[in-house]
4 protein chains.
Amino acid sequence: MKRKVAVVITARPSYSRIKTALYAIKNHPELELQIIVAASALLERYGSAVNYIEQDGFEIAARVFNVLEGENLTAAAKTTGIGILELSTVFDNLKPDVVVTIADRFETMATAISAAYMNIPLVHIQGGEVTGNIDEKVRHAITKLADYHFVASKDAYERVLKLGESPESVFNTGCPSIDLAQMVLDEPSLDFDPYQKYGGVGFSPDLSKGYLVVMQHPVTTEYTQSRNHINETLQAVNGIDLPVLWFWPNVDAGADGTSSGIRAFREKNKPEQIHFFKNMEGRDFLKVLLASKCLIGNSSVGIRECSFLGVPVINIGTRQNKRERGHNIIDVGYDRQEIAKAIDFWLSNPRPAQSHVYGGGRAGEEIAQLLSKVELKFSKTISY
Amino acid sequence: MKRKVAVVITARPSYSRIKTALYAIKNHPELELQIIVAASALLERYGSAVNYIEQDGFEIAARVFNVLEGENLTAAAKTTGIGILELSTVFDNLKPDVVVTIADRFETMATAISAAYMNIPLVHIQGGEVTGNIDEKVRHAITKLADYHFVASKDAYERVLKLGESPESVFNTGCPSIDLAQMVLDEPSLDFDPYQKYGGVGFSPDLSKGYLVVMQHPVTTEYTQSRNHINETLQAVNGIDLPVLWFWPNVDAGADGTSSGIRAFREKNKPEQIHFFKNMEGRDFLKVLLASKCLIGNSSVGIRECSFLGVPVINIGTRQNKRERGHNIIDVGYDRQEIAKAIDFWLSNPRPAQSHVYGGGRAGEEIAQLLSKVELKFSKTISY
Amino acid sequence: MKRKVAVVITARPSYSRIKTALYAIKNHPELELQIIVAASALLERYGSAVNYIEQDGFEIAARVFNVLEGENLTAAAKTTGIGILELSTVFDNLKPDVVVTIADRFETMATAISAAYMNIPLVHIQGGEVTGNIDEKVRHAITKLADYHFVASKDAYERVLKLGESPESVFNTGCPSIDLAQMVLDEPSLDFDPYQKYGGVGFSPDLSKGYLVVMQHPVTTEYTQSRNHINETLQAVNGIDLPVLWFWPNVDAGADGTSSGIRAFREKNKPEQIHFFKNMEGRDFLKVLLASKCLIGNSSVGIRECSFLGVPVINIGTRQNKRERGHNIIDVGYDRQEIAKAIDFWLSNPRPAQSHVYGGGRAGEEIAQLLSKVELKFSKTISY
Amino acid sequence: MKRKVAVVITARPSYSRIKTALYAIKNHPELELQIIVAASALLERYGSAVNYIEQDGFEIAARVFNVLEGENLTAAAKTTGIGILELSTVFDNLKPDVVVTIADRFETMATAISAAYMNIPLVHIQGGEVTGNIDEKVRHAITKLADYHFVASKDAYERVLKLGESPESVFNTGCPSIDLAQMVLDEPSLDFDPYQKYGGVGFSPDLSKGYLVVMQHPVTTEYTQSRNHINETLQAVNGIDLPVLWFWPNVDAGADGTSSGIRAFREKNKPEQIHFFKNMEGRDFLKVLLASKCLIGNSSVGIRECSFLGVPVINIGTRQNKRERGHNIIDVGYDRQEIAKAIDFWLSNPRPAQSHVYGGGRAGEEIAQLLSKVELKFSKTISY
């Protein structure tokens, strides 16, 4: 009998990150994949990841709407509570042999708690990293709930061990997002028209002379300031004479500040150089990044895929604070001048070298292989 | 303005353990106590801790019924989900400056997540201990969510540091349950009739020649076996010619197995030496223990208060597996013969020496003092 | 393509009542049955109806644990809220073409609201009856949410029309529980030993000289009095020199009063003539009733099946207050003397005539037939 | 001791409608007002009614975030489930003597069920009306759950009686929204600049020559079409040479279609004559209506306040289908030509006469008076 592997996907970026692992699980002869789509991955205003999942040929075992409105911290907590309530029922009905939870978004805690409390072996992908905000509380707490840890870098591997996990439960698989980056490197050409394929709003400046990409999420511990933060970035890129492809933030407390900041800026400035996208299929997004002058914002894509691709990045603020990184990062504050200066630097300097800090491009297959082999245990004790 | 300290109490034993700290907070000139009573602490069949809390003179700021029926693992997870959903609303309305969560029962995770996600500084009492079951996952995960750690022993202190918490956030206050034990040592006489004061069911054997006490909880990772486990204990004490005061288990997956095991045994054997209590006020319970020949079961009271009081304990099974202990413990398996043999040992040997491994009896005041002094922060990063 | 018919079963008695309709739906060539089991139908202490459903050969499409502990009115409301939250997800995943809800227990409102709000045509079985307590609020409110009404009697039919429903949406199918009663009449012999087949607790008095049956539920609007109520019945039957088969009440606010009343009585009186059952398969229960001297309590079985079977009934209190009835009912208050007097009456008088007020025994098939034919609409307006 | 009256407000328009009653309750010597704010009344993108409530001098007893994202029908059901779960806790803690629920929005059912199930007397304001969509199911179901009915018109009064409610529980108070309209008639001048006072987005056309007002909500049973519906209205008003003040729709399944329809239209047409408001304080809104040429859309304000004020209305589609109305209404379909023709009619004909069908302007005080006098009962039976 095949092992039933439930993977809970709660957001567009998590899906992109894990996609190659999902294919590998689906194709593994000893595994049966159960995809559960929940939270913002179901919502139109965060890019309906669920549609991409289906278009990619995956079957969806269950859908769980659990995002509570409010875009404040109370709502984030309650979203997690509803997630637990409902994922428990889903697990009770699907009866997976193992549950996979991805990374550190607040609502992934729901997956972790439901599985851990129901004595279902829990695999955590991308634990052990350091960032320095609420994500970090979530990430390390999930490490303490998980039975297996498939980490993305050597630093993360060491850190999970220090957290008291036993060596036989920790595996450095690299990050599956790098698998996709490897495929993009194999076929790097920007073979589609982003405006045509993905719509979006705003002007459609000519991209042939190069362009910038922006993706900036609100930071939850500072959510009242998110409108100011986004405004600094808007002002910075508005002053550069290059087209800008701007990607809408994902669901987080504070998204309202970010969103309303963007809307107010557009209303007032009608920026002719900026086009706004809600979302983009992962491979296409990497191609857009690879062809860009640089990425600006605080997305983990800058730290991970861009380091592997050698794309220059201007990383703003504290969100990726302490994450391990390649040579492609310039860190700046929420300050239009700092941001503008860093853009100038990348426009006038050679691209950075590629880095393998987050793995070498075969993480998906390694994850599937491990899922088929590890002992199905759900009990552990701290190693010290 | 006083600091508002919300303490969430979800079970009878947690209340007993924390009571002296609650008094100290209530009486502290710079603190305002907000007691929130939830989960099994509100339910009659787990001893209605809420009634004791009120009788002790505390005001209750909010009540939250969140125990989902089922007494299986799905219900435990869902209870936690509902807890988050509702505690978030309670915190949003009460606006505490700091939230206190106690120990490691599954539903305490709800308190931790609500507070952590809402950026309210979170204090965890009694983290850092080791036991080796689901409690351990919960306990260490809460450590990773908490901003401050008031631990009960030196070992626990070291372990919380190893988990990556910064030294200025960890304090060894000792266990407040020991404060109560100290008061009992000051006035040790059994100055009430347990049958009269606490009712209960079963026969009422004469206690003047000595008696045994039993308190055995189901162990969640083995819940289908809980009926067998309890039966071994019942058979073991049934063979001893001494009265037995038996305390009903608290709410946990498997309680049904334990409860129905006890009911079936009573129905069949009509044991004339055993009296069953639902619950007992903390100080009275310690006096009953102090006057007993020994405690049998798997309650943490055996490890903690009994070590301080020098009461002999027969600790059954894995529940207190790796918890730090004094010289008063004999560990046995779920085996009537092992249990009976250990009872014989304690009946024929001198009582063990007292131990201060869980503190010296002033934890409550120290906790209140710390709550009034620590910086109100809710952001942290791992120390390695 | 077959019409997908979701039937939500939330309690043991609802399952018994609807069983023949479930078989007819399952066997209908144009229907696909989706059984969803929720609330007390999943819980051991209310007789685990789910086990009988499976033993009867039905497949279960989803299970939803949603009973909140407390056995008070707050818990009843919250149970309904959780039910809506989860049934919505279940409906969203199973995509039924029509949803069936049964009768008037508080938690059936969850089924009705989820379906009505999700624009799924809703069929209500057994609306239009009158009882005079919270059930009545629930029942008529569900009528106003439902698109079709399959009622059990002529009075109910008229009443649903008066409530403003259009005549083409109301059908008097009779009660499917009568179908089962018809089968029992076809093979009436008590061909099993109740003690052996169903266990239970208490003494096992000889049934060959006749016996009484008791089934008394707490009444929610009077729940603090439920302990007194049950005590009157216990005292009444204790004074009669006949065996008593006593059936445990179902989950309702106040069950605790009823349960603890029974427990206290047993503890004190050790009644040698009374045996207590948790539950019994429907057909066997009807055979037990048919062979009994009379039924005492407030169950709707007395009103419905017993009128068809011609079994004498002593109906206590307000629970069945105004329900249409045959000639087999004596109504009494919560008063041991009234109850005892009514028992005497039935012991010394001939059995009442059979009545067809709740239909003639083919309701199940008619329900299935209607489900396959009615227009799938979910919009309506009041008829006046 | 004062009677504690809990009023649950879940949306901006409900607050406007009930405001004079809230003042009257607050000022009544025998009543204590407990305002509970929930659902979209807390959310910024639906106009943060909560801020107006506080600015108007009311104290808020509890806030409950319960809107689940999705803007589909599943989310509406789940929002209601969460509402029940949380309002039950709120009622359990606030212990109101009577609960008031307003009108017929889907989430008001949560208030009704929590109160009815917890045996708290429930007053329903504005039952008995007819509209012909999901609102109608909700409205009449709440009538069947409520103990008292304070209706707004003679027709509604008759209908509630027909629904089987006893005459002593039904009172025709008129609609409290008319109280406010009466105050506006007393001081009718448009004494503020809407653009300056309420911001909003879009152009700011000169209003001195007259203007139109639009307020059009999505209709839940047709939510996939809501984008088309709104587009017809946008096209119709775009062709008229008059300024348009457009008010954003409230939270309902389908709001996304409506919102995105408006956004797409703005993006494409940059309509210079249209200004968009998120919300407006009730009295100001009535003044804006009174000074307008006509109101276009499907808001109940057109049926109620505008009939009293004698403001011409073009009522689109089925939402107010069968509601009782004055002479100020022209009903049209979702059709730009029909809408445009009706606008022409009102622009070239005299204003309609005022009507008192929804009361005479003292509803608020009458409601408070009734709340202080009615018997506190929570049990009823149908009258036929």
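Which side chains meet in a salt bridge at 2.8 Å, N to O? They are those of C:Lys137 and D:Asp147, where a salt bridge is a side-chain nitrogen of Lys or Arg within 4 Å of a carboxyl oxygen of Asp or Glu.

Before I go on, a word on the basis of all this. We are looking at a predicted model, in which local features need pLDDT of at least 70 and side-chain atom pairs count only at pLDDT 80 or more, while totals for chains, interfaces and linings use all residues. Residues are numbered from 1 along each chain as its sequence is written, chains are lettered from A and ligands numbered from 1 in the order in which they are written, and side-chain values use heavy atoms, with hydrogens and water left out.

Now to the interface itself. Between chain D and chain C there are two salt bridges, and 45 residues of chain D are in contact with 45 residues of chain C, contact meaning heavy atoms within 4.5 Å. The area buried between these two chains is about 4,000 Å², with carbon and sulfur atoms giving 66% of it; buried area here is the accessible area, taken with a 1.4 Å probe, that two parts lose on being put together, summed over both. On the chain D side, the residues that lose the most area to chain C are D:Tyr117, D:Lys137 and D:Tyr384, which together make up 21% of what that side buries.

Which parts of chain D supply this side? Helix 3 (73–94), helix 4 (108–117), helix 5 (134–145) and helix 6 (154–162) of chain D each give at least two residues to the side that touches chain C, helices being DSSP runs of H or I with at least four residues, numbered from the N terminus. Helix 3 of chain D has the largest share, with 13 residues.

Finally, let us turn to how the copies are arranged. A rotation of 180°, with 0.0 Å of shift along its axis, superposes chain D on chain C with an RMSD of 0.0 Å, copies being superposed by least squares on the C-alpha atoms of residues with pLDDT of at least 70 in both. The same surface serves both copies, since 100% of the contact residues of chain D recur in chain C. Chain D can also be laid on chain A, by a turn of 180° and a shift of 0.0 Å along the axis, with an RMSD of 0.0 Å, and these two copies are thus related as by a two-fold rotation axis.
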